[in-house]
Amino acid sequence: MGDSGISGRRSGHLSAFVYFSCVALLTLAGVGLAMLTRPAFGHDMLQWIGLESVPQAQATSFYARRVAPVFETHCTSCHGDKRQKSDLRLDSFAAVLRGGKHDAVIHPGDVKNSELLVRISLPALDDRAMPPSGKTPLTEDEKTVIKLWIAHGASGSLRDIPGAPKPVVEVEIPKLDPARTEKQRAPLAAQMLRLQKRFPGVITYEARDSADLEIDASLKGRSFGDADLQALSPLAARIVAANLSGTAVGDASAPVLAAMVRLKSLRLSGTKVSDATIHALDEAKTLRSVTVVDTSVTARALAPLRARGVAVYGGGDGP
Amino acid sequence: MDHKPHVRVWDIPVRLFHWSMVLLLCLSWFSADQGYMRVHLVSGLTLLALLLFRIAWGLVGSTTARFSNFLHPPRRVVGYLKGLAGGERIFHAGHNPAGGLMVLALIAVLLAQVATGLFANDGVQFHGPLALLVSEDISTRLTDIHGLIFDLLLILVWCHVVAVGFYLLVKGDNLVWPMITGKKHRAHLPEELNIVFTRLYIALLLLAVSAGIAAWIMIQGESIL
């Protein structure tokens, strides 16, 4: 069922050249209009033809250190390289400034008209709230960081903003390695077993993953004396904390304490120790705190420890 | 033989389809842009119904509506365009070979647009009626394609408008008015015409079936929820 055509030559109203020139101008005008009404499209076009440079943020800037990580945590799963909901990406400084389908989402210096800030500040149940329902909302500190950054001009170079909440430092907790710990504890395991039986609750490992030891004889009171501490001396080099407060230990224990070469914390309150014991601690370079409340220890004897930065409680003039 | 100056070339279904497409495309664009997604859904499903109807009408409809009437081998299209560039004035009762290609392209792209829209989501509170049948990743990918096809659609529509303007302003052949009234001046038609118009009730029947399919898809979407 093909159609048949007739042909001939007749001049039209416009020449093809004039017509297509007008079409080209109209097309350019249309693209220009779209660039004006859609700033994101406008930036894309200008950057594409090289009339506009791509904005970059410095690595040390407030944006790079504080703002970008917030976007990375909460936004880029939907507004990143894989997905661009509403034609919006928040995974680069240029993209953040570019905005989305409708308009820029950041207006530097204008927090009230910055759609991004408005959206993240809406109540969680609001349909327009970002991140959307079901996703983790931004913390108040994170919102403040973004608000301050916009208020200070949404800069890619500004390093610090006064009043910005302090960054949350992520601490990586090392994983426990039971096999390694067991290996470290192996040389002292037999001694530990024996001493733990003899002094229940007095000697323990410092932590689950440590072969260092703590002793706490304070609950033994006067029943724990120099001879008992002497019994613990085979493990002295592993002891990092010793609480002997209220026990019957005296200066006779000074050599055992001196043998605790990794000791960090020593509590001797209410004991019979004197300056002689403190002098014996001169070699305990790891010591950080000493408590000698209710003892005859003098401030003079403690002076060298204080000079080393050891925190001293009690003794003579007090801390 | 009838010798009235104007001859009917387009039936009512083709004309209504054409202008409905114009309106629904504008409505779909506007509603998506403004976030009126329920309107966008209804507009998209209406487009789907009309596209299905148009495909059926291209098989059993009136002469000028049929694919067999306006789809030509590429060699013929190239030959037509060469003649056009050479200043020839070749008249057709229905779509010319280049126009036929444009119709095919528009229908194909619109179908792809509607199909991807069925599985799309806006990432917040709205998704196409069949989006839950596929994974979120696929839905998001189809949403991206939905956006890209729209750009292609805009380019095609612009080409279509430019071509119609070319015929009107350069060739002196008004293609718009016949698409409104259905009639074309005999001076702009081949001498020999053999246009058979399919009965309107068949169009209504096909439209009802197409609308039923679109409605069924929407109901399926609701039932998934």
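View 1. A:Val273 sits in the loop between strand 5 (265–267) and helix 11 (275–280) of chain A, where helices (H or I, at least four residues) and strands (E, at least two) are DSSP runs numbered from the N terminus. Leaving out residues up to four places away in sequence, A:Val273 touches A:Val249, A:Gly250, A:Asp251, A:Leu268, A:Thr295 and A:Val297, with contact taken as C-beta atoms, placed from the backbone, within 7 Å. A:Ser296 is 23 residues from A:Val273 in sequence, yet their C-alpha atoms are 6.9 Å apart in space.

The model is predicted, so local features need pLDDT of at least 70 and side-chain atom pairs count only at pLDDT 80 or more, while totals for chains, interfaces and linings use all residues. Residues are numbered from 1 along each chain as its sequence is written, and chains are lettered from A and ligands numbered from 1 in the order in which they are written.

**View 2. A:Asp294 and A:Ala154 are non-glycine residues with positive phi.** For A:Asp294, phi is near 60 degrees, and the residue lies in the loop between strand 6 (289–291) and helix 12 (299–307) of chain A. A:Asp294 counts as partly exposed because it has 14 C-beta neighbours inside 10 Å. For A:Ala154, phi is near 50 degrees, and its loop runs between helix 6 and helix 7 (178–185) of chain A. With 26 C-beta neighbours inside 10 Å, A:Ala154 counts as buried.

View 3. Look for A:Pro131 in the loop between helix 5 (115–121) and helix 6 (140–151) of chain A.

**View 4. Helix 1 (residues 16–37) packs on helix 2 (residues 39–48) in chain A.** The angle is about 120 degrees and the axes are 5 Å apart; axes are lines fitted to C-alpha atoms, for helices over the stretch in contact, and angles run from 0 to 180 degrees between N-to-C directions. That makes helix 1 of chain A oblique to helix 2 of chain A, oblique being whatever is left after roughly parallel (under 35 degrees), roughly antiparallel (over 145) and roughly perpendicular (65 to 115). Helix 1 of chain A brings A:Ala34, A:Met35 and A:Leu36 to the contact, and helix 2 of chain A brings A:Phe41, A:Gly42 and A:Met45. These residues split into five nonpolar, one polar and no charged; Ala, Val, Leu, Ile, Met, Phe, Trp, Tyr, Cys and Pro count as nonpolar, Asp, Glu, Lys and Arg as charged, and the others, Gly among them, as polar.

**View 5. Six strands of chain A make an open, mixed sheet.** The strand order is 2-3-4-5-6-7, where two strands pair if DSSP finds at least two bridges between them. Strand 2 (203–205) and strand 7 (311–313) of chain A stand at the edges with a single partner strand each, so one side of each has no neighbour in the sheet. Twist averages 15 degrees from one strand to the next. Strand 2 of chain A pairs with strand 3 (residues 213–216) of chain A in the antiparallel sense over three bridges. A:Ile203 has A:Ile215 in strand 3 of chain A as its bridge partner.

Key. Two residues are in contact if their C-beta atoms, placed from the backbone, lie within 7 Å. A residue is buried if 20 or more other C-beta atoms lie within 10 Å of its own, exposed if 12 or fewer, and partly exposed in between; C-beta atoms are placed from the backbone.
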